[in-house]
Every structure is written in structure tokens, then in C-alpha cells.
Amino acid sequence: MSSIKPVEWLGDRLMIIDQTRLPQHEIYLELADVHQVAEAIKSLKVRGAPSIGVAAAYGIALGAQQIETQDLEEFRKAYKNVSAEIAATRPTARNLFMAVERMDDIVGRAPDVISAKDRLAAEAEKIHDAEIESTRLIAQNGAALIRDGDTILTHCNTGPLATTGSGTALGVIIEAFRQGKKIEVLATETRPLCQGARLTAWELRREHVPFRLITDSMAGHFMKGARVDMVVVGADRIARNGDTANKIGTYSIAVLAHENGIPFYIAAPSTTFDQRIATGDEIVIEERSPDEVTHLYGKRTAPEGIEVCNPAFDVTPANYITGFITENGILKS
Ligand SMILES: CSC[C@@H](O)[C@@H](O)C(=O)COP(=O)(O)O
């Protein structure tokens, strides 16, 4: 089985797998400029906090490469637009802003245009390599929490597609399975865009991990019946006090886990932790198009002309979180 490369730097363009077309179509797209990268992030062709951060870094490196001047001040002015275009794509994932800040810092310190461009490309590769290594360690650290015979519930998609590496929550699950533990997974559909049904189901099947797909509203039913031993999900941004933004629906699952005495873990690299914000109240929640709610797989399911809410994420208060599985070990909440 070939390994998935959700984001690949080709030196003068970026290749991604179009996650909006999975699982029916495995299509790779070549993105030739920063505008195409920004559009791919906005439209979720590339998605999941670590993958967004990696694509953002390469997008900025690509945009900078295409600035034609040799004058450093002019270059820095044009670079600001490149960086701002990427920063404006999606507001919630900390990884995106971590990447933007690191790239901005490189430009601020470069002595000339040629070295700025070279160092930006090198920095993007460094960010990419670090996410791959972090998720490898997260998978190992988290797998130790899983016992033989466990049923694990997960939400959204947090595998290789979402991370460019082993995955966060899904990486933990896949690693436990590879270690020979007999586990079963309950994967939620994850409305409105069905990252669970489309992407997690695709990734688990590729890995031959036994799983069953459930709709989001079935989670409580399975937890109450003592048929879930552990919940593990990913994160888009974690505040200093441990409040965690993740895919919409995560908060409901955390409350249900708490009510039923089931451990609830967040798996995330240090690049998702935001030291600048004290609590989850400061996290900006992305509001996406109403079409994502009124339509399912491109087909309208709701009447025309109605009011719709579509927050892409919610915040789970730290007191519902048993612990954080990171590359540096398990942090208790
Ligand atoms: C390892 S990915 C962690 C999160 O980014 C993931 O759980 C999630 O919420 C993804 O949301 P998405 O809107 O699909 O980018």
C-alpha cells in the first residue's frame, strides 16, 4: 500500500491530495502560486490543523519565490501581502499562525532577497519535518494508553491526511492496532462536511483497523451502553488553561464521556498549543458557508431561504479533558 502524501513540496510548486474528492476520487493537484494554496486551504482541499500549517508555510515560500524584485525593502513589502493572504484563510487552527509567524520572522532577519527565499523554503521544510516527527511520537505515546480489547471513539479526521505525518488521534489508534492490540473504533460521521465518514473511514480501511461508522448523534447511545472505553480526538487550538477548540461536536462528545465516566483525550502536537491565550474564550471560531449545512454531498436537503448557523469548531473546557497526548508525553489536564 502506497503511503499518502497529503502535502508535497516540489521546489517550485506544491502538490496536495484533494481531500474534498475523497474517498471516491484520489486526485492530486499541483498548486502553482500562493493564491491557489490559499484557495485550497479555504475550501478544505487541504485540511486538519497540522496539514494546514505545513501547506501555509509552503504557500508562503512559493509566494515569496515569485516576487521579482532584488530590492530587500520592496521584497518585504510584497511579502507582507503573501503572508497576509495565507493568514486570512482560516482563523482557528493555531498551526497556521505558528507557520505564518515563523516565516515572517525569517523575512525580518534575512540579509538579502536571495537568502530570504532560500531560508523560507528551508523553514517550510523544517516545519513539515517537525510535524512528521511530532505525530510519530504522539502515536507512540498515545498507543500506550490503549488496552487490548478497547473500543475507542473518535471524531472528525485526524490521520495522515490531516497531519502530513502519522496522525494525531487517529495515529494513536492506528499505532495501537499495529502493535497487535485487538481494538475497535467508532468513527463519527462529523457533519456537516463528513470528514469522519469520508476521510477517517478511508484511512482506517487502508490500515485494516476494525471500525464502525456512526452518525454524530449516536455517540451518547454507545457511551451509555458501556460500549466505549476511551475517546481520543485532535485539536485546532489549545489555550493555556487547556480549553481546546476542535471540530464542531467535540464538546458534546466530551460532556457525554464525562457523564459516562469515559476517559477523554486530546492528541495534538505542541504547535497546536497557544501560549498567548489564557482561555478558550479567546479562540476565534470559524463560521463557514450555510451551504455546508443546507446541502449534503452537494445535494440540497433543507428548504431554500432559511437561516443557518455553521460554526466549524467548538471549545471543550479543560475540566472535561482527561489528558493531552503530545510528542513530549501525556500532559494531565
Ligand atoms: C490532526 S487534525 C486536528 C483537527 O484539525 C481536526 O480534528 C479538525 O477539527 C479538522 O477540521 P477541518 O475543518 O476539517 O480542518
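Me: What should I know before starting?

Reply: Residues are numbered from 1 along each chain as its sequence is written. This is a predicted model, in which local features need pLDDT of at least 70 and side-chain atom pairs count only at pLDDT 80 or more, while totals for chains, interfaces and linings use all residues.

Me: Into which domains is the protein divided?

Reply: Domain bounds come from an automatic or database domain assignment. Here the protein is divided into domain 1 (7-136) and domain 2 (141-332). Their C-alpha centres lie 25 Å apart.

Me: How many residues of domain 1 are in contact with domain 2?

Reply: Two residues are in contact if their C-beta atoms, placed from the backbone, lie within 7 Å. By that rule, 25 residues of domain 1 are in contact with 32 residues of domain 2. On the side of domain 1 that touches domain 2, α2, α4 (94-109) and α5 each supply at least two residues. Helix α5 gives the most, with 6 residues. Such labels follow DSSP runs, numbered from the N terminus: helices are H or I with at least four residues, and strands are E with at least two.

Me: How do the residues of that side of domain 1 divide by class?

Reply: Ala, Val, Leu, Ile, Met, Phe, Trp, Tyr, Cys and Pro count as nonpolar, Asp, Glu, Lys and Arg as charged, and the others, Gly among them, as polar. The side of domain 1 that touches domain 2 has 11 nonpolar, 9 polar and 5 charged residues.

Me: How many residues surround the ligand, and which are the closest?

Reply: A residue is near a molecule or strand if its C-beta atom, placed from the backbone, lies within 6 Å of it. In this model 18 residues surround the ligand, and the closest are Arg47, Gly48, Ala49, Gly234 and Lys247. At least two residues of the shell come from each of α2 (49-65), α6 (160-163) and β9 (244-247). Domain 1 and domain 2 each provide at least three residues of the shell. By class, the shell has 8 nonpolar, 7 polar and 3 charged residues.

Me: How should I read the angle between two helices, such as α4 and α5?

Reply: Axes are lines fitted to C-alpha atoms, for helices over the stretch in contact, and angles run from 0 to 180 degrees between N-to-C directions. Angles under 35 degrees count as roughly parallel, over 145 as roughly antiparallel, 65 to 115 as roughly perpendicular and the rest as oblique. The axes of α4 and α5 come within 9 Å and cross at roughly 150°. Helices α4 and α5 are therefore roughly antiparallel to each other. Their contact is made by Ala99, Arg102, Met103, Ile106 and Val107 of α4 with Ala116, Arg119, Leu120, Glu123 and Ile127 of α5. These residues divide into 7 nonpolar, no polar and 3 charged.

Me: At what angle do α2 and α3 pack?

Reply: Helix α2 and helix α3 (residues 72-87) pack at an angle of about 155°, with their axes 9 Å apart. They are therefore roughly antiparallel to each other. Ala56, Gly59, Ile60, Gly63 and Ala64 of α2 make the contact with Tyr79, Val82, Ser83 and Ile86 of α3. The contact has 6 nonpolar, 3 polar and no charged residues.

Me: Are α5 and α7 oblique or roughly parallel to each other?

Reply: The axes of helix α5 (residues 113-143) and helix α7 (residues 169-178) come within 8 Å and cross at roughly 60°. Helices α5 and α7 are therefore oblique to each other. Among the residues that meet are Thr135 and Ile138 in α5 and Gly171 and Val172 in α7.

Me: Which backbone positions deserve attention?

Reply: Most residues other than glycine have a negative phi, and most peptide bonds are trans. In this model a cis peptide bond joins Leu22 and Pro23, with omega about 5°. Pro23 is in the loop between β2 (14-17) and β3 (28-31). Another cis peptide bond joins Arg191 and Pro192, with omega about 10°. Pro192 is found in the loop between β5 (184-188) and α8 (195-206). Cys194 lies in the loop between β5 and α8, and its phi is near 60°, a positive value in a residue other than glycine.
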